[in-house]
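Open your viewer and get ready to click along. Each stop on this tour tells you what to select and what you will find there.

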Amino acid sequence: MAKLLNEDVVKQIEEAFAPMKEAVHIMFFGQKEGCSYCADTQQLLEEVAEISEKLSIEVYDLDDDADLAEKFNVDKAPGTVLAAKDGETVSDYGIRYAGIPSGHEFTSLIQDILLVAGRDSGLTQDTRDFLKELTEPVLLQVFVTPT
Amino acid sequence: MVQAEMVEATEFQELSNKYSVSGVPQTTINDGAANITGAVPESNMLAELKRIIGK
């Protein structure tokens with residue numbers, strides 16, 4: 001299959017990934033039927049993961065791996081989880097992508113990877129203090145279009 | 001406690017319709033407790049969350 005990322009783009013991402021501190025693990029959930037963008041998304045993520053030794057990827061199926069999908073609150077395919085990885089320990093930072101992260105969202109994906117690699121949200125102390133006191137889960141869904 | 005999901009609106013139209021997405025980005029908090037169109041600076045997000053959670 002032809003590559004989705006051309007050499008120039010790979011080079012740019014390589015430069016962006018150079019300061020990556022810690023490892024980031026990508027969990028991809030596809031689905032066998034009725035998923036127009038699963039194959040492209042999987043390929044895109046695999047090409048990104050190849051760019052840095054600090055990145056790893058595991059491919060799952062929303063139906064075959066239903067228990068894991070539920071554990072990580074993934075209910076759409078293609079579904080992508082960006083997690084921290086320290087040794088064998090995977091830590092969920094609550095970052096999800098539903099659908100293909102292309103266009104503008106490809107930039108978000110690269111930035112999110114760098115954010116997780118840095119292990120720092122960059123949020124203000126005010127926000128951190130508020131979030132620490134949360135007793136109920138919060139779900140933020142940001143609707144975007146790829147262009 | 002916090003999960004943030006990017007949703008590609010054209011792939012998941014049913015969900016986009018449910019939350020009446022008309023412009024992007026739209027940030028939907030807790031299944032429609034708030035729907036904000038456009039960029040959301042951190043201070044606005046914090047204020048919005050405080051309002052919803054009631055603190």
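We begin with a note on the model, then visit the sheet, the core and the contact between the chains.

**Before you start**

This is a predicted model, in which local features need pLDDT of at least 70, side-chain atom pairs count only at pLDDT 80 or more, and totals for chains, interfaces and linings use all residues. Residues are numbered from 1 along each chain as its sequence is written, while chains are lettered from A and ligands numbered from 1 in the order in which they are written.

**Stop 1: chain B**

Select chain B. Here you will find two helices and three strands; helices (H or I, at least four residues) and strands (E, at least two) are DSSP runs, numbered from the N terminus. The C-alpha trace of chain B spans about 35 × 20 × 20 Å along its principal axes. Of its 55 residues, 27% count as buried. A residue is buried if 20 or more other C-beta atoms lie within 10 Å of its own, exposed if 12 or fewer, and partly exposed in between, with C-beta atoms placed from the backbone.

**Stop 2**

Eight of them form an open sheet with mixed pairing, in the order β2(A)-β1(A)-β3(A)-β4(A)-β1(B)-β5(A)-β2(B)-β3(B). Two strands pair if DSSP finds at least two bridges between them. Which strands lie at the edges? They are β2 of chain A and β3 (34-37) of chain B, each pairing on one side only. From one strand to the next, the twist averages 25°; angles run from 0 to 180 degrees between N-to-C directions, and axes are lines fitted to C-alpha atoms, for helices over the stretch in contact.

**Stop 2: walking across the sheet**

Select β1(A) and β2 (residues 55-61) of chain A, which pair in the parallel sense over seven bridges. Along this pair, A:Phe29 stands opposite A:Tyr60.

Move on to β3(A) and β4(A), which run antiparallel and are joined by eight bridges. Look for A:Leu82 with its bridge partner A:Ile95, and for A:Ala84 with A:Ser91. The hairpin of these strands has two residues between them, and A:Gly87 takes a positive phi near 65° there.

**Stop 3: crossing from chain A to chain B**

Select β4(A) and β1(B): they run parallel and are joined by four bridges. A:Tyr97 has B:Met6 as its bridge partner. Next comes β5(A), which pairs with β1(B) in the parallel sense over seven bridges. In that pair, A:Phe143 is partnered by B:Val7, and A:Val144 stands opposite B:Glu8. With β2(B), β5(A) pairs in the antiparallel sense over four bridges, and A:Leu140 has B:Ile29 as its partner.

**Stop 4: where the chains touch**

How many residues of chain B are in contact with chain A? There are 26, and they meet 30 residues of chain A. Two residues are in contact if their C-beta atoms, placed from the backbone, lie within 7 Å. On the chain B side, the elements giving two or more residues are β1, β2 (26-29) and α2 (42-53). β1(B) gives the largest share, seven residues.

**Stop 5: the nonpolar core**

Finally, select A:Val24, A:Ile26, A:Met27, A:Phe29, A:Val81 and A:Leu82. Of the 33 residues in the largest nonpolar core, these touch the most other members. Such a core is a set of buried Ala, Val, Leu, Ile, Met, Phe, Trp, Tyr and Cys residues joined through C-beta atoms within 7 Å. β1(A) gives the largest share of this core, five residues. Zoom in on A:Leu82: leaving aside neighbours within four places in sequence, its contacts include A:Val24, A:Ile26, A:Tyr93 and A:Ile95. In soluble globular proteins, nonpolar side chains tend to be buried together.
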